[in-house]
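This report covers a strand with its two partners, then a pair of packed helices.

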Amino acid sequence: MQNQLMHIPSATCRIQFNSSFGFEAAKKILHYLYLLGISDIYASPISKAREGSTHCYDVADPNQLNPELGAVEEFEGLVRELKNHAMGWLQDIAPNHMAYSYQNRMLMDILENGQHSRYYNFFDIDWNHHCEGMSGRLLAPFLGKLYCECLENGEIKLRYDRDGLIINYSSLGFPVKIESYTRFLTYDLDGLKKVPGEHHPDLMKINEILEALYILKNLPADEKGRERYERVTFIKKTLWQLYKESPEIKGFIDKNIETFNGERGNPQSFNLLDTLLSEQLFRLSFWKVATEEINYRRFFNINDLICMKMENKNVFDHAHSLIFKLIEEKKITGLRIDHIDGLYDPAEYLKRVRERSGNVYMTVEKILDLKEKLPSSWPVQGTTGYDFLNYVNGVFCNGENKSRFDRIYSEFTGSSTRYKDIVCEKKRLILEKHMAGDVDNLAHLIKRISSRYRYGNDITQCRIKRALVEIMVHFPVYRTYISCNGMGGTDRSNIREAVDNAKRTDPELLNEFDFIERLILTGFGNGNYPGKDERNQWIHFIMTFQQFTGPLMAKGFEDTVLYVYDRLLSLNEVGGNPDQFGILLEEFHKFNMNRAKLWPHSINATSTHDTKRGEDARARINVLSEMPDEWEMRIKVWRRMNIIKKRTLNGEEIPDRNDEYFLYQTLIGSLPSDYVKYPAFMERLKNYIIKAAREAGIHTSWLKQNPEYEGGFISFIEEILKPTEENQFPGDFLRFQRKVAYYGIHNSLSQTLIKITSPGIPDLYQGTELWDLNFVDPDNRRPVDFEERKTLLWEIRDRVQMDILNLISELLSTAEDGRIKLFLIYRALGIRREKKELFQEGDYIPLKTGGRYKDHIIAFARDHGNAWAVTVAPRFLTPLIDEGQYPLGIEVWHDTCIFIPEGAPCLWKDAITAQTIRGEKTLMIGEVLRYFPAALLMSEG
């Protein structure tokens, strides 16, 4: 009943809003998206973000539309246009964090008013932190150098404007708390009295301000709400009016500003500003301090994204006010919840959202291990699609060649380090270099408990930290979901797996591991802690601990391991497992059957704004898994060709062999076929390679950049790709790369069709209607040429009506330009829209194949009532066809066939080619794939 009332998308298109692509720009492409077959736009955050944001996840005000995306009228115009096309709006929201910025007025209000701020408990800040200098103050780790250096170099400055007294550093601003105005205004006040005279009206107003400040400081507790805000407003408004209207007051304030800001070269002159800063509610520090000491929770390890206490109902209500209003007004028809694992209690949060938003379509960004399941109790329609992405990608990697690729990779790079050891090493590195302060905070939570518990009486702070690090390093999933309501079986097994592996790594800490395991697993209802306060501390530790395993996995695995372990880069994806070389077709069918039963409206993604490479780059690289011998031969040849183009640093090659291996795969996956795009590609490639090298953290990093290695790597790229007669590499590489790209086209077409017809909602990342060879963000956020795509779609649409087979023949012969993919999407989404119930509610039936090339076909049926659809998608084509040949006809497929299930019709029409096909018990692949290298057969009659 619920799903009948809920607006379920037929297909979504992810739109990346920013200042150069706002509401009006989106409005202009709606008709194009509608004709393509898209039912809903899937929008990046639209709340007010930090000025100039390119992604809009750094929200500054959740209850205001982002003015950089357009005026309210433009937003309303986009909504009207969507309704005119009967389209929906799936909105991405980021409830976990906001920008740590002067533009975040809630946070600035806290820094100005402290405990009296209405937002004091909105952010995840430990105001009672154990570190000296942070108790009662919020760390502000944004200085480029040590605090003393920045101060005495005059980089930290006090200024005054309409908003009051502000501390500036670079482009950052922090409000001076209102109580500190007394220190500023009383400095050299006697000098001011001499100028206008003691009884001058302006001076009397200054005295009134000082009196108001005194009263403010001594307000009774029951009057520190609205009364305080009214007095603060009076003080700031009166002072600003004086500053504008009285030359004497302006001169007095300006002179004090100059005095407080000190004189460079005279350290003593900065004492006034230093004293003023020491009494603020923020503590400016060198940015590296946050790696070891921090008293607020960040998004991952990003200092300027501060997390919210969304478990607080007031915070929840305030942060969702606008979004719930837009849902109530039916302007937004669905929600995508970003980084659900960062929340204190995801299940409770989702319950609240469901209660407030009603029967709205809702998905969560939840990264699942390949064997992990989404909690069945969550009131959502599914995930944002990384689980689907990795399963569909895996079936195009030939798992039979795993051992050969192990050997090729090991011999080329000279490394035999196990994948699991790399994962542990990199996660440990992240904890030590970036999250030591977070671990320290968790250890203090445990210490508060252990000292009152006989099993933990002798556990030291140092050993607790060591044990925590090992458990988090060996954590097998992003997080568990233990709460005051209990835990699930998988939570218990995941905790035990992490502890058991940690014990094997460091058996010296057995007592600490046992204690932490007991603390997490037996802390509910066993009577050990009868006191309410003790039990609350216990629960608080567990739920806080769970908030940090996800960021560790994201930074240690996604942003580090995936740039270090490079055996086959197509497998290095968010939510994937690079150590699993391919996925059996039976496993893919099992995954899809479970989705059809449990999560039929989960999103099917193949590219997102967070994927490590474009979907068609992965499809190309997967081809290598089919040709290990040729791949091995070519990389050995390329190494010999290019060795003289390498620089050396301290006796080591630049790039090292692993980075060289990474580069060759990257070029194979991303090199454009259109040489007009080559110069721009080279710049993009260089930027990407530097980012990849820094993420890997082997020879250079974001914290400690190595210009020699980075420069040597870029020089190597330029030299090997230089088009000269002496340079043999470009010609040899291009011959092989074109061959791989050709087979990659067929992988891409099969993958696209499977995405559209599998259980779930197909999502197109903007621009991927043509070949998607992007690198990771920010490269994949580049502007999309929608005008080109519009023109191509209009042409395809017209020619389909005239002579579809002639059009297909032309598109296949010019497949490099990507129109063939656009054509397939247009045809498949069109039939999906027409047969919405079949694809949204239909059963999923794996189809058996037979004949010579039965393992080279992926086939499944969708069945709903009397309606049937059969998807036929080839794979592993390198043994079947030569480069330039199409996988069409009996002469290619011979006796390969599909066995039709009992009860299925005998007459079919291919939704892609519009051709009719007859078959009773079997369908011959050579007949099905006669004109197009994939088929979507629909029941006739």
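## Strand β9

Strand β9 spans residues 164-169 and is mostly covered. Six of its six residues are buried (under 20% relative accessible area, with a 1.4 Å probe and protein chains only). Strands here are DSSP runs of E with at least two residues, and helices are runs of H or I with at least four, numbered from the N terminus.

The model is predicted: local features need pLDDT of at least 70, side-chain atom pairs count only at pLDDT 80 or more, and totals for chains, interfaces and linings use all residues. Residues are numbered from 1 along each chain as its sequence is written, and side-chain values use heavy atoms, leaving out hydrogens and water.

β9 pairs with β8 (residues 156-161) in the antiparallel sense, over six bridges. Pairing requires at least two DSSP bridges between the strands. K157 stands opposite N168 of β9. Two residues separate β8 and β9 in their hairpin.

β10 (residues 172-175) also runs antiparallel to β9, joined by four bridges. Here Y169 faces L172 of β10. This hairpin too has two residues between its strands, and S170 takes a positive phi near 55 degrees.

## Helices α19 and α21

α19 (residues 461-473) packs on α21 (residues 510-521) at about 70 degrees, with axes 9 Å apart. The axes are lines fitted to C-alpha atoms over the stretch in contact, and angles run from 0 to 180 degrees between N-to-C directions. The two helices are therefore roughly perpendicular (65 to 115 degrees).

In contact (heavy atoms within 4.5 Å) are R463, I464, A467, L468, E470 and I471 of α19 with E512, F513 and I516 of α21. Six of the contact residues are nonpolar, none polar and three charged. Nonpolar covers Ala, Val, Leu, Ile, Met, Phe, Trp, Tyr, Cys and Pro; charged covers Asp, Glu, Lys and Arg; the others, Gly among them, are polar.

Definitions and conventions
Buried means under 20% relative accessible area, exposed over 50%, partly exposed in between (1.4 Å probe, protein chains only). Angles under 35 degrees count as roughly parallel, over 145 as roughly antiparallel, 65 to 115 as roughly perpendicular and the rest as oblique.
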